[in-house]
Amino acid sequence: MTTAPAQAGWRFRQPSVIPGFGLTLGFSLAYLCLIILIPLSGLVWRSAALGWTDFMAIATDRRTLNALKISFGTGLIAAAINVVFGTIVAWVLVRYRFPGRRIVDALVDLPFALPTAVAGIALTTLYAPKGWLGSLLDPLGIKVAYTPLGIVIALVFIGLPFVVRTVQPVLEDLSRELEEAAATLGASRWQTFRRVLLPIVLPA
């Protein structure tokens with residue numbers, strides 16, 4: 001015998017696994033609108049109010065093009081550096097055991113702990129002409145602070161942990177038997193890396 005609610009086709013909503021889901025979802029959406037959507041909407045509205053001619057004049061201005069060139073150029077260079085050295089760091093942390101490995105592993109996460117502004121100020125202080133590292137580079141004619149080179153160094157510092165923490169789990173799941181099988185078949189280290197390891201790590 002079925003109950004009346006069941007006969008009426010009523011469905012009881014099961015309690016959510018996450019307590020306060022509605023409240024947290026509303027807060028998240030409000031925060032998203034306040035921080036991201038409203039400023040972007042204002043940017044689009046302001047750009048539309050300029051008119052096509054004024055917009056193109058600003059977009060093709062020399063200062064705008066130089067800003068875009070520095071932003072995208074330094075970003076691509078830093079990304080290329082992080083791909084190479086981030087993969088190497090992840091490989092060393094996964095494949096080798098050495099004294100101080102835990103310290104190196106913790107240092108990789110240092111940029112996550114530092115606010116971006118603090119990291120920028122610290123790097124500027126270190127690479128300033130009178131800083132610890134800048135005083136060594138200044139006699140060689142190498143200026144880092146407030147230059148595109150300094151931007152690349154800052155982007156490498158901020159972006160390296162993302163590469164390491166993305167590639168590291170893939171390398172941990174990678175069986176050593178693949179490398180041993182490739183070696184027994186006569187593959188060199190470079191061939192093993194290029195034909196066996198790289199296709200597996202490349203998506204990460």
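1. A nonpolar core is a set of buried Ala, Val, Leu, Ile, Met, Phe, Trp, Tyr and Cys residues that are joined through side-chain atoms within 4.5 Å. The structure discussed here is a predicted model. Its largest nonpolar core has 11 residues: Ala-90, Leu-93, Val-94, Val-108, Val-163, Val-164, Val-167, Leu-171, Leu-174, Leu-197 and Val-201.

2. At least two residues of this core come from each of helix 4 (62–95), helix 9 and helix 11 (189–201). Helix 9 contributes the most, with four residues. As background, nonpolar side chains in soluble globular proteins tend to be buried together.

3. Val-167 is one of the core residues. Leaving aside residues up to four places away in sequence, Val-167 touches Thr-87, Ala-90 and Val-201. Ala-90 and Val-201 are themselves listed in the core.

4. Gln-168 lies in helix 9, which spans residues 148–173. Is Gln-168 buried or exposed? Its relative accessible area is 9%, and buried means under 20%, so Gln-168 counts as buried. With residues up to four places away in sequence not counted, Gln-168 touches Ala-90, Leu-93, Val-94 and Asp-105. Ala-90, Leu-93 and Val-94 belong to the largest nonpolar core.

5. On empty space, a probe the size of a water molecule, rolled over the atoms, shows where some is left. The count here is one cavity of 30 Å³ or more. The largest cavity holds about 40 Å³ of space.

6. The lining of the largest cavity is made up of Tyr-127, Ala-128, Pro-129, Gly-134, Asp-138, Ile-142, Lys-143 and Val-144. By type, these lining residues are five nonpolar, one polar and two charged.

Notes. Residues numbered from 1 in each chain as written. Predicted model: local features only at pLDDT ≥ 70, side-chain atom pairs only at ≥ 80, totals over all residues. Heavy atoms only, no water. 1 Å grid on protein atoms, 1.4 Å probe; cavity = no way out; pocket = protein on both sides within 12 Å on 5 of 7 lines; lining within 4 Å. Points joined across faces, edges and corners; volume = space filled by probe spheres on them. Nonpolar A, V, L, I, M, F, W, Y, C, P; charged D, E, K, R; others polar. Buried < 20%, exposed > 50% of the residue type's maximum accessible area, 1.4 Å probe, protein only. Contact = heavy atoms within 4.5 Å.
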